[in-house]
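I opened this model to see how its chain is put together. Here are my notes, in the order in which I looked things up.

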Amino acid sequence: MATAVPAASLPLPRRASSPAAARRPGTPSLRKRHCAARPVAAACSPPRQHNNEEEGSGRRQVLVAGAAAGAAFLSRPNPAASEAKKGFTPVTDKKVGYSFLYPFGWQEVAVQGQDKVYKDVIEPLESVSINTISTSKQDIRELGPPDKVAEALIKKVLAPPSQKTKLIEAKENEVDGRAYYTFEFTAQAPNFTRHALGAIAIANGKFYTLTTGANERRWDKMKDRLHTVVDSFRIENRI
């Protein structure tokens, strides 16, 4: 059984930089419409409320349809993408050593301190991010049990001190002989609550953290897709 390591000694990633630094590569800042994507509840100011859910859904359908048309016109079929689950886009980074899926239609934005971030352009709290830091550990279980490690990560990295957090569940999974910790939590700000999922693992001399989530008011609609994102997360041997 792994011995719990004091929270202060965990090799945790740093908090992401200010939302003002986030933007899609090669495009102007999105700050005037939405705050930048980050994998934490504090990454965004309270999301703008639509007059009704149907308006937001209609705008999202237009954006997704436009993206699909552009991809069909400009791009050749991608063999890897054809193997992805319907409605999701695959991401693979063989140099850093990870892969995962994200919902089709989300767009990449740049956030200092994060390896990759993808977000919904209509709902700013719907995003996925991945972060890596170097570590001398060989296995995530060396840091302690899932609940203790997840609790420390949430409080020290994934949510600011001003937000009230709650760990809902944390568990260990083993895939191809590698241990992963997955967890579910909420982070409550004055005007919104983010419901999030995370997955962490250690390999290749790195501590990998993937987080995804949505506004609590959209959790029932998004939870299956967000679970697909977390369940798809895999660590590969770097090349």
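Entry 1: I began with Asn204, which is found in the loop between E8 and E9; strands (E, at least two residues) and helices (H or I, at least four) are DSSP runs, numbered from the N terminus. Asn204 has a positive phi of about 55° although it is not a glycine. Is Asn204 buried, partly exposed or exposed? It counts as partly exposed because its relative accessibility is 23%, where buried means under 20% relative accessible area, exposed over 50% and partly exposed in between (1.4 Å probe, protein chains only).

A note on ground rules before I go on. The model is predicted, so I took local features at pLDDT of at least 70 and side-chain atom pairs only at pLDDT 80 or more, while totals for chains, interfaces and linings use all residues. Residues are numbered from 1 along each chain as its sequence is written, and side-chain values use heavy atoms, with hydrogens and water left out.

I then turned to Asp176, another residue with a positive phi of about 55° that is not a glycine. It lies in the loop between strand E6 (164–175) and strand E7 (178–188). Asp176 is exposed, with a relative accessible area of 79%.

**Entry 2: the hairpin.** E6 and E7 form a hairpin with two residues between them, and Asp176 sits in the turn. The two strands pair in the antiparallel sense over 11 bridges; I count strands as paired if DSSP finds at least two bridges between them. Glu174 has Ala179 in E7 as its bridge partner.

I also picked out Thr165 in E6. It is buried, with a relative accessible area of 17%. Its side chain makes a polar contact of 3.4 Å with that of Lys155. By polar contact I mean a pair of N or O atoms within 3.5 Å; within protein, one must be able to donate a hydrogen and the other to accept it, and residues adjacent in sequence count only if both atoms are side-chain atoms. Leaving out residues up to four places away in sequence, Thr165 touches Ile154, Lys155, Ala159, Thr186 and Ala187, with contact meaning heavy atoms within 4.5 Å.

**Entry 3: the whole chain.** I stepped back and found four helices and 10 strands. From the N terminus, the elements run α-α-β-β-β-β-β-α-β-β-β-β-α-β. Of the 239 residues, 48% count as buried. Among contacts between residues at least 6 apart in sequence, 60% join residues at least 24 apart.

**Entry 4: a three-stranded sheet.** I traced an open sheet of three strands in the order E1-E2-E10, with antiparallel pairing. E1 and strand E10 (234–235) are its edge strands, each pairing on one side only. Six bridges join E1 to E2. Asp93 stands opposite Tyr98 in E2.

**Entry 5: the cores.** Which residues have the most contacts inside the largest nonpolar core? They are Tyr98, Phe100, Val128, Phe233 and Ile235, in a core of 26 residues. Such a core is a set of buried Ala, Val, Leu, Ile, Met, Phe, Trp, Tyr and Cys residues joined through side-chain atoms within 4.5 Å. Among the elements that each supply at least two of its residues are strand E1 (88–93), strand E2 (98–103) and helix H4 (219–232). The largest share, five residues, comes from H4. I also noted a second, separate core of 18 residues, which includes Ile140, Leu158, Ala196 and Phe207.

**Entry 6: the rings.** My search of the whole structure found five aromatic pairs. Rings of Phe, Tyr and Trp (its six-membered ring) pair if their centres lie within 6.5 Å; planes under 30 degrees apart count as stacked, over 60 as edge-to-face and the rest as tilted.

- Phe100 and Tyr118 have ring centres 6.4 Å apart and planes at 70°, so this pair is edge-to-face.
- Phe100 in strand E2 and Tyr118 in strand E4 (residues 116–119) are 18 residues apart, and both are buried.
- Tyr102 and Tyr118 have centres 4.1 Å apart and planes at 15°, so I logged them as stacked.
- Tyr102 is buried too, as is Tyr118.
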